[in-house]
Amino acid sequence: MIIKKLLTRNSGLIQPSEITDQKIYLSRRKFIGTATRASAAIAAGMVMPGLLRNSHAATSLSVKKLSNIRKSALSTQEPQTPYGDVTIYNNFYEFGTDKDQPAQHAHSLKTRPWTVVVEGEIKRPKTYDIDTLLKLAPLEERIYRLRCVEGWSMVIPWIGFPLSALIKQVEPTANAKFIEFTTLHDPKQMPGQRSGVLEWPYVEGLRIDEAMHPLAILAVGLYGEVLPNQNGAPIRLVVPWKYGFKSIKSIVKIRFIEKATASSWMKAGPHEYGYFANVNPAVDHPRWSQAKERRIGEFLKRDTLPFNGYADQVADMYAGLDLNRFF
Ligand code: MTE
């Protein structure tokens, strides 16, 4: 993300929204152009649908349909960002700092067997096998906006279940005030961890009431299929009213704690990344405005909404909090 640009290119004054690598932008346009042409060709009866499916599969590292998915009233009706964009334009520094690197390199991540340790201030600590977690609660489709701190956004049809379902099962004690989430640390599988761009493993956190909020989910899929590795397989957090970096990928540990710990991004840039990271157009990043965003696939920027448009549902949790100070 931003720090990397500082460290590697010493270009701190360049705005991330302006450095959306042209190479990636162009390859994305090429992909969309190809997909559009393929759809047109199918409509004209010129190619077999399998060809288009292949272009879909080519961007995904583990395509597998998920079944019995419920719709959710919490989904947005906005147009969804094409699958091809959602799965080739990624931030997953464990596989490189460029947007196209996760899709290229994340095949080295082995998502089975996979366990998630749940521990700390809870009555029922447990190591969950991923396939047990998949059955913990009915899977739902949650179509959410994702707003990256870099100034772009997408609309993604996630598949997952409320984080609250897991929290209730492990029975937090009265001391459990925060939850810390940790990504896998294995430089053999995650080559980006051989660089010092962030402190590894990637760590994020939520206050317990935020984690219990119905909008917060653990996602295991998108577009009706299991999560592609580059999107955080086999299980990741999605917190739609916060900047995208809070939505930690490939989780192996969930720890209930009394005092908040600093996240990887807070350690990398304490003045730039706060603990809350609520989307807030009124609080600029120290080096660029957060007032607008570019929805991937659109040309003109649009206004960024407080709490990413989820204010009605989440603003109460921050009543009385100075959002300029607690950004
Ligand atoms: N989780 C881990 N472990 N490593 C990362 O580099 N990047 C974050 C977040 N989760 C990141 C991560 C950022 S900055 C964003 S914007 C989102 O993942 C992007 O999610 P997506 O690639 O599925 O759109």
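How many helices and strands are there in the chain? This predicted model has 10 helices and 12 strands. Of its 327 residues, 54% are buried. Contacts between residues at least 6 apart in sequence join, in 72% of cases, residues at least 24 apart. The accessible surface is about 14,800 Å², and carbon and sulfur atoms account for 57% of that area.

The aromatic residues give a way into the fold. The chain holds 12 aromatic pairs. In one of them, the ring centres of tyrosine 83 and tyrosine 223 lie 5.7 Å apart with planes at 70°; an angle over 60 degrees counts as edge-to-face, so this pair is edge-to-face. Tyrosine 83 belongs to helix α4, and tyrosine 223 to the loop between β7 and β8, so that the pair links parts of the chain 140 residues apart. Tyrosine 83 is buried at 7% relative accessibility, whereas tyrosine 223 is partly exposed at 24%.

A further pair joins tyrosine 89 and tryptophan 152, with centres 5.2 Å apart and planes at 80°, and is therefore also edge-to-face. Here the loop between α4 and α5, which carries tyrosine 89, is linked to strand β4, which carries tryptophan 152, across 63 residues of sequence. Tyrosine 89 is buried, at 2% relative accessible area, and tryptophan 152 is buried at 7%.

Elsewhere, arginine 145 lies over the face of tyrosine 310, 4.5 Å from the ring centre. One aromatic cluster is formed by Phe178, Tyr275, Phe276, Phe307, Tyr318 and Phe326.

Terms used: Residues are numbered from 1 along each chain as its sequence is written. This is a predicted model: local features need pLDDT of at least 70, side-chain atom pairs count only at pLDDT 80 or more; totals for chains, interfaces and linings use all residues. Side-chain values use heavy atoms; hydrogens and water are left out. Helices (H or I, at least four residues) and strands (E, at least two) are DSSP runs, numbered from the N terminus. Buried means under 20% relative accessible area, exposed over 50%, partly exposed in between (1.4 Å probe, protein chains only). Contact means heavy atoms within 4.5 Å. Accessible areas come from the Shrake-Rupley method with a 1.4 Å probe; for residues, only the protein chains shown count as cover. Rings of Phe, Tyr and Trp (its six-membered ring) pair if their centres lie within 6.5 Å; planes under 30 degrees apart count as stacked, over 60 as edge-to-face and the rest as tilted. A charge sits over a ring if NZ of Lys or CZ of Arg is within 6 Å of the ring centre and within 35 degrees of the ring normal.
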